[in-house]
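I opened this notebook to record, entry by entry, what I looked up in the structure. The entries follow the order in which I worked.

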Amino acid sequence: MHSAAQLRTVADYQFGAGAGQALFPPGVDRTIQRSASGRPRQVIQDGDRLVSLGTDGRFTLGLAGGQDLQAALDPPAYRVVVGDESEPYVRDGKNVFAKFVQSVDPAVRAGDEVLIEHERGELIAVGRAELDASAMLDFETGMAVLVREAAR
């Protein structure tokens with residue numbers, strides 16, 4: 001159940017073509033941690049969590065998985081960009097607030113897993129969008145992204 005090929009299919013569906021290949025390339029050793037019922041819960045590679053698989057069948061990104069996706073997907077796909085003002089807070093694991101969002105993939109919807117980048121293009125965190133793209137840019141208050149894991 002849930003072979004690497006099936007995990008690639010889920011990733012391509014969730015993040016777009018090429019995401020599955022980036023997260024789960026053939027021939028790369030990875031560990032799939034499973035629940036007692038055999039359902040995949042986490043995918044680990046080289047000691048780092050790539051993704052967790054939620055009960056809803058969608059992935060939540062680990063920082064290592066975010067780095068793989070960032071390399072595979074052309075900007076602005078699944079990206080929320082912040083500047084110097086909020087970077088230290090995001091690196092500390094604090095959430096991204098709408099007023100600090102400089103740009104965002106217009107296709108991002110609330111609930112999507114996103115890559116949080118500094119304006120230099122460096123991945124600084126991964127998380128879940130709490131607002132859709134237009135709201136992130138329009139709102140002056142409110143949480144835009146719930147940070148799950150940050151680069152230190």
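**Entry 1: Domains**

I began with the overall division and noted that the centres of domain 1 and domain 2, taken over C-alpha atoms, are separated by 21 Å. I record here that the model is a predicted one. The domain assignment places residues 4–71 in domain 1 and residues 75–150 in domain 2. For the contact between the domains, I found 13 residues from domain 1 and 16 residues from domain 2.

**Entry 2: The four-stranded sheet**

I then looked up the open sheet formed by four strands, whose order is β1-β2-β3-β4 with antiparallel pairing. The strands at the edges are β1 (31–34) and β4 (59–61); each has a single partner strand, so one side of each is left without a neighbour in the sheet.

Strands β3 and β4 are joined in the antiparallel sense over three bridges. Phe59, in β4, is the bridge partner of Leu53.

**Entry 3: Helices against the sheet**

Helix α1 lies across β1, β2 (40–45) and β4, and runs at about 75° to β4. Helix α3, which covers residues 63–72, also packs on the sheet, where it touches β3 and β4. I noted that the direction of α3 makes about 90° with that of β3.

**Entry 4: Gln14**

Next I turned to a residue of helix α1 (residues 4–15), namely Gln14. Is Gln14 buried or exposed? I found a relative accessible area of 12%, and Gln14 is therefore buried, the limit for this class being under 20%. The side chain of Gln14 comes to 2.7 Å from the backbone nitrogen of Phe59. Leaving aside residues up to four places away in sequence, I listed Arg58, Phe59, Tyr78 and Glu113 as the residues that Gln14 touches.

**Entry 5: Salt bridges**

How many salt bridges does the structure hold? I recorded 13.

One of them joins Arg49 to Glu149, with 3.7 Å between the closest N and O atoms. Arg49 belongs to strand β3 (residues 48–53) and Glu149 to strand β10 (residues 143–150), so this pair ties together parts that are 100 residues apart in sequence. Glu149 has a relative accessibility of 29% and counts as partly exposed.

I also looked up the salt bridge between the side chains of Glu117 and Arg79, at 2.7 Å from N to O. Because Glu117 lies in strand β8 (residues 113–118) and Arg79 in strand β5 (residues 79–82), the pair ties together parts that are 38 residues apart in sequence. Glu117 is buried at 8% relative accessibility, and Arg79 is buried with a relative accessible area of 3%.

Asp112 and Arg109 form another salt bridge, in which the closest N and O atoms are 3.3 Å apart. Here I noted a contrast between the partners: Asp112 counts as buried at 4% relative accessibility, whereas Arg109 is exposed, with a relative accessible area of 52%.

Which residues are linked in a network of salt bridges? I found Asp84, Glu87, Arg91, Arg120 and Glu122 linked in this way.

Methods. Residues numbered from 1 in each chain as written. Predicted model: local features only at pLDDT ≥ 70, side-chain atom pairs only at ≥ 80, totals over all residues. Heavy atoms only, no water. Salt bridge = Lys/Arg side-chain N within 4 Å of Asp/Glu carboxyl O. Helix = DSSP H or I, 4+ residues; strand = E, 2+ residues; numbered from the N terminus. Buried < 20%, exposed > 50% of the residue type's maximum accessible area, 1.4 Å probe, protein only. Polar contact = N/O pair within 3.5 Å; in protein donor to acceptor, adjacent residues only side chain to side chain. Contact = heavy atoms within 4.5 Å. Pairing = 2+ DSSP bridges. Axes fitted to C-alpha atoms, helices over the stretch in contact; angles between N-to-C directions. Domains from an automatic or database assignment.
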